[in-house]
Amino acid sequence: MLIAQISDTHILPPESDQPAASLRAECLRRCVADINLQQPDAVIFTGDTVQHGQPDEYAYLRELLAPLDAPLYPVPGNRDDKVAMRAA
């Protein structure tokens with residue numbers, strides 16, 4: 001069994017004016033593409049998926065993760081809001 005792990009992406013909403021926002025999103029896009037090439041059986045996303053635990057961040061995160069081929073198992077980190085994460 002092959003398991004991929006993603007961690008600490010700290011995704012910000014796409015309209016963020018923080019310079020790191022677009023870089024973080026692009027890094028996650030590239031990570032997802034590489035994971036798909038590896039064809040893992042599962043992907044575990046070990047928290048700090050987003051920066052502030054806000055619904056708009058989770059909506060964007062969901063969009064960025066949508067191309068994953070393998071089942072995704074997210075685990076919230078200290079910056080994640082469990083309720084908002086579960087809702088997304």
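**The largest pocket**

Trainee: How much space lies in the largest pocket?
Mentor: About 260 Å³. A pocket is an open set of points on a 1 Å grid over the protein atoms alone, where a 1.4 Å probe fits, with protein on both sides within 12 Å along at least five of seven lines. The volume is the space filled by probe spheres set on the points.

Trainee: Where do these values come from?
Mentor: This is a predicted model, where local features need pLDDT of at least 70, side-chain atom pairs count only at pLDDT 80 or more, and totals for chains, interfaces and linings use all residues. Residues are numbered from 1 along each chain, and side-chain values use heavy atoms, leaving out hydrogens and water.

Trainee: Which element gives the most to the pocket's lining?
Mentor: Helix 2, with four residues. Lining residues have an atom within 4 Å of a point. Among them are F45, Y58, R62 and M85. Helices (H or I, at least four residues) and strands (E, at least two) are DSSP runs.

Trainee: What about the whole chain: which pattern does it follow?
Mentor: Along the sequence, β-α-β-α-β-α. That comes to three helices and three strands.

Trainee: And how many of the 88 residues are buried, as a percentage?
Mentor: 39%. Buried means under 20% relative accessible area, with a 1.4 Å probe and protein chains only.

Trainee: What size of box do the C-alpha atoms fill?
Mentor: Roughly 40 × 25 × 15 Å, along the principal axes.

Key
Buried means under 20% relative accessible area, exposed over 50%, partly exposed in between (1.4 Å probe, protein chains only).
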